[in-house]
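The account begins with the surface and then moves to the strands.

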Amino acid sequence: MSDVLSSLKLGERPQGRTLLTASWVVGHRDGSHRLLKNGEVVFENGEIVFVGHGFPGEVARRIDFGNALVSPGLIDLDALSDLDTTILGIDHHPGWAKGRVWPRSYVEAGPYEMYSPEELAFQKRFAFGQLLLNGITTAAPIASLFYREWGETVAEFEAAADAAGELGLRVYLSPAFRSGGMVLEEPGRMVPVFDEERGFQGLADAIAFIEKQKGRHGDLVRGMLAPDRVETSTLALIERTDAAARELGCKFRLHMAQGVMEVDTVRKLHGSTAPVWLAKAGLLSERLIAPHATNATEEDLALYAENGVSIVHCPLVSSRGGSTLSSFSSCRKRGINIAMGTDTAPADMLMNLLVGLITCRINDGAPDQIRCADLFDAATLGGARALGRSDLGHLSPGARADIAVFDLDDTVMAPSIDPITTLVTGGSGKVTRAVFVDGRLSMRERQVARIDMRRAREQAQAQFDRLIAKYPERSWANPPVSEIFPPSYPVEVAQHG
């Protein structure tokens with residue numbers, strides 16, 4: 001580790017100009033990334049002032065990262081902010097029998113918060129720390145409402161905003177809300193149940209949160225409205241959300257075209273796919289950010305392109321569940337802006353870029369329709385474009401100093417003449433050496449500002465174990481945990497005599 005880097009205090013912005021250099025720097029010119037061999041990046045007061053070679057001015061410090069890539073920080077617009085329960089659905093099917101949908105018995109008993117306020121606050125801090133460990137500097141948090149009484153609360157998001165400010169992560173957030181939920185009436189039969197007034201109240205709370213929190217912590221905190229998902233939203237709720245986004249000058253994220261259950265439910269309710277339904281109501285626009293589009297039809301994608309909707313591509317969690325975006329390259333050719341998300345733990349964006357490359361080439365049936373750089377663009381420029389931020393996603397004078405440094409000398413990395421290809425095809429979040437957000441050193445050599453991630457991991461496991469123990473009461477016919485989640489192989493326990 002550089003002596004200068006080790007002398008900087010985690011969580012603080014260094015005084016004076018800081019010059020970073022490495023074997024490779026991702027610069028930016030004429031709207032596109034450029035690779036600079038042995039390049040330099042200089043920032044001061046949270047803003048980049050120079051990218052190139054041979055900076056002529058005075059600097060307070062120089063940090064040489066050696067054989068590394070100095071990159072724009074990665075942007076994650078579907079960033080998991082609770083404990084990852086998608087792992088529970090990988091080998092345990094069907095989901096309705098494994099506590100992934102509320103059974104009628106649970107609803108009638110009265111849904112309740114399965115996490116305490118303290119646990120919810122901890123989840124955000126832990127998740128934000130994981131994002132920084134993986135080179136992610138801007139995030140739009142996402143969490144499951146399966147484990148909530150209904151929607152998310154203002155209190156937990158006030159704690160989340162403070163956690164982002166303390167750890168040094170740029171966030172776009174507000175409490176998620178909904179006007180309905182899926183209920184399991186009998187094995188395999190799920191129906192939506194609505195309470196529209198509850199959705200309106202959740203929206204009102206989210207608006208008030210955004211108005212209060214916008215620009216806090218040196219503008220690291222901004223708002224994004226987050227109705228939960230399209231099949232649990234009424235038209236009136238989405239109309240009011242869109243109007244509020246316009247008035248607040250923010251984006252809103254709505255999950256749709258992402259699964260068979262959703263597509264079938266929306267067709268039964270509205271007679272079309274979700275994008276067609278919303279297009280008829282004039283609710284598709286550049287304000288809308290729409291994960292995941294894996295079940296989007298040709299008509300849906302055409303409507304996204306026509307109306308400026310951004311897709312959030314989460315290839316790892318989607319393909320793990322058996323679906324893919326079909327395809328990344330064809331969406332780009334349509335002119336659809338594609339941002340990236342992780343939506344699972346670990347929040348390894350580099351792993352997602354590789355899976356995105358692989359799935360696109362399989363879907364295309366050819367390797368020449370997509371390049372590693374296209375995925376890298378989506379994780380940087382695409383995310384910034386979706387947010388409407390011309391000062392994020394690239395390294396150039398005037399941009400915010402959101403920087404990730406990736407080690408190219410790690411023993412797991414293969415030799416290569418091109419750092420982007422090397423990083424996408426052979427890297428992982430574990431090669432992230434340092435992260436600066438708005439010029440603050442938020443992560444250095446696996447250490448995150450103001451949180452002990454090793455100890456937090458132990459706390460997360462204990463919290464996860466408590467959640468699993470509650471699964472029988474929220475699963476159809478209330479089977480024991482051992483039946484809901486049997487181990488991959490028989491477990492033998494040591495016998496003590």
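## Surface, dimensions and sheets

The chain has an accessible surface of about 19900 Å², and carbon and sulfur atoms contribute 50% of this area. The model is predicted. Of the 497 residues in the chain, 58% count as buried. The C-alpha trace spans about 70 × 70 × 50 Å along its principal axes.

In terms of secondary structure, the chain comprises 17 helices and 23 strands. Its radius of gyration is 23 Å, close to the 23 Å given by the globule rule for 497 residues, so the chain is as compact as a globular protein of that length. Among contacts in the chain with a separation of 6 or more, 76% link residues 24 or more positions apart.

### The seven-stranded sheet

Seven strands form an open sheet with mixed pairing, in the order β3-β2-β7-β20-β21-β22-β23. Strands β3 (32-37) and β23 (447-448) stand at the edges; each has a single partner strand, so one side of each is left without a neighbour in the sheet.

Strand β2 pairs with β3 in the antiparallel sense over six bridges, and valine 25 stands opposite leucine 36 in β3. The hairpin formed by β2 and β3 has two residues between the strands, and aspartate 30 there takes a positive phi near 55 degrees. Strand β2 also pairs with β7, in this case in the parallel sense over two bridges; here tryptophan 24 has leucine 69 of β7 as its bridge partner.

Further along the sheet, strand β20 (residues 403-407) runs antiparallel to strand β21 (residues 432-437), and four bridges join them. Phenylalanine 406 has threonine 432 as its bridge partner in β21.

### The four-stranded sheet

Another open sheet has four strands in the order β5-β4-β1-β6, again with mixed pairing. Its edge strands are β5 (47-52) and β6 (61-64), each of which pairs on one side only. From one strand to the next, the twist averages 20 degrees. Strand β1 (residues 18-21) pairs with β6 in the parallel sense over four bridges, and threonine 21 stands opposite aspartate 64 in β6.

| Strand pair | Sense | Bridges |
|---|---|---|
| β2 and β3 | antiparallel | six |
| β2 and β7 | parallel | two |
| β20 and β21 | antiparallel | four |
| β1 and β6 | parallel | four |

### Cysteines

A disulfide is a covalent bond between the sulfur atoms of two cysteines. How many disulfides does the count give? The count comes to zero disulfides, the criterion being a pair of cysteine sulfur atoms within 2.5 Å. For cysteine 314, the closest cysteine sulfur belongs to cysteine 331 and is 13 Å away, which is too far for a bond. Cysteine 372 is likewise in no disulfide, and the nearest cysteine sulfur, that of cysteine 360, is 11 Å away.

Are cysteine 314 and cysteine 372 buried or exposed? Cysteine 314 counts as buried because its relative accessibility is 1%, and cysteine 372 counts as buried at 10% relative accessibility. The cut-off behind both assignments is a relative accessible area under 20%.

Methods: Residues are numbered from 1 along each chain as its sequence is written. This is a predicted model: local features need pLDDT of at least 70, side-chain atom pairs count only at pLDDT 80 or more; totals for chains, interfaces and linings use all residues. Side-chain values use heavy atoms; hydrogens and water are left out. Two strands pair if DSSP finds at least two bridges between them. Buried means under 20% relative accessible area, exposed over 50%, partly exposed in between (1.4 Å probe, protein chains only). The radius of gyration is taken over C-alpha atoms; the globule rule is 2.2 Å times the number of residues to the power 0.38. Contact means heavy atoms within 4.5 Å. Accessible areas come from the Shrake-Rupley method with a 1.4 Å probe; for residues, only the protein chains shown count as cover. Axes are lines fitted to C-alpha atoms, for helices over the stretch in contact, and angles run from 0 to 180 degrees between N-to-C directions.
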